[in-house]
Amino acid sequence: MENAVEEIGYELQPNDIVFVNTGADKYWDKPEYLVKGCGMGKEATLWLCEKGVHVVGTDAWSWDRPLPLIAKEFNETNDSSIIWEGHFAGIECGYCHIEKLTNLEKLPSFGFTVSCFPIKIKEASAGWIQAVAIVEE
């Protein structure tokens with residue numbers, strides 16, 4: 001994460017929102033969508049939180065690595081700490097993540113505003129949003 005932020009020539013500020021563009025959205029409606037995207041682990045998620053970032057998003061199926069890859073590693077190692085480690089980083093540092101975004105490649109690397117309009121779901125721990133990026137020209 002640190003290298004990626006450095007490459008775009010930006011210094012993260014508290015309350016920034018970070019989107020991770022993996023290209024996975026190009027596989028939406030295809031079986032391979034479930035195994036696309038790099039996924040964010042606990043260390044990367046906590047690093048963002050330490051920088052003051054508490055809202056993140058990705059175009060992939062999950063904030064974490066693809067589930068079949070996690071399952072394969074778990075079967076080999078029996079290490080349960082790798083299961084949803086990006087999600088569970090929220091136990092140590094409160095953050096909100098957005099999954100299954102599209103068109104992230106159309107956004108500039110930084111300098112835009114994001115608004116998220118939630119769809120309320122009774123007694124749920126997650127739900128849908130309409131994410132809108134506002135790009136000033």
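Buried means under 20% relative accessible area. The model shown in these views is predicted.

**View 1. Helix H2 and its buried residues.** Helix H2 covers residues 42–50. Its buried residues are Ala44, Thr45, Leu46, Trp47, Leu48 and Cys49. Gly52 follows H2 and has a positive phi, near 95°.

**View 2. The largest nonpolar core.** This core has 16 residues. Those with the most contacts inside it are Leu12, Val18, Leu48, Val53, Val56 and Trp63. Strand E1 (17–20) and helix H2 each supply at least two residues of the core. H2 gives the most, with five residues.

**View 3. Surroundings of Val53.** Val53 is among the residues with the most contacts inside the largest nonpolar core. Not counting residues up to four places away in sequence, Val53 touches Leu12, Gln13, Asp16, Val18 and Leu48. Leu12, Val18 and Leu48 are also listed with Val53 among the residues with the most contacts inside that core.

**View 4. Gly57 in strand E2.** Gly57 lies in strand E2. Gly57 counts as buried because its relative accessibility is 0%. With neighbours within four places in sequence left aside, Gly57 is in contact with Val18, Phe19, Val20, Trp63, Ile98 and Leu101. Leu101 is 44 residues from Gly57 along the chain, and the C-alpha atoms of the two are separated by 7.2 Å.

**View 5. Asp25 in the loop between E1 and H2.** Asp25 is placed in the loop that joins strand E1 to helix H2. At 10% relative accessibility, Asp25 falls under the 20% cut-off and therefore counts as buried. Leaving aside neighbours within four places in sequence, its contacts are Tyr33, Asp59, Leu101, Thr102, Asn103 and Glu105. Leu101 is in contact with Gly57 as well.

**View 6. The aromatic pair of Trp28 and Tyr33.** The whole structure contains four aromatic pairs. One of them, formed by Trp28 and Tyr33, is edge-to-face, with 5.1 Å centre to centre and 80° between the planes. Trp28 is partly exposed, with a relative accessible area of 46%, whereas Tyr33 is buried, at 4%. Tyr33 is also in contact with Asp25.

**View 7. Lys36 over the ring of Tyr27.** The charged end of Lys36 sits over the Tyr27 ring. The distance from this charged end to the ring centre is 4.5 Å.

How values were computed
Residues are numbered from 1 along each chain as its sequence is written. This is a predicted model: local features need pLDDT of at least 70, side-chain atom pairs count only at pLDDT 80 or more; totals for chains, interfaces and linings use all residues. Side-chain values use heavy atoms; hydrogens and water are left out. A nonpolar core is a set of buried Ala, Val, Leu, Ile, Met, Phe, Trp, Tyr and Cys residues joined through side-chain atoms within 4.5 Å. Buried means under 20% relative accessible area, exposed over 50%, partly exposed in between (1.4 Å probe, protein chains only). Helices (H or I, at least four residues) and strands (E, at least two) are DSSP runs, numbered from the N terminus. Contact means heavy atoms within 4.5 Å. Rings of Phe, Tyr and Trp (its six-membered ring) pair if their centres lie within 6.5 Å; planes under 30 degrees apart count as stacked, over 60 as edge-to-face and the rest as tilted. A charge sits over a ring if NZ of Lys or CZ of Arg is within 6 Å of the ring centre and within 35 degrees of the ring normal.
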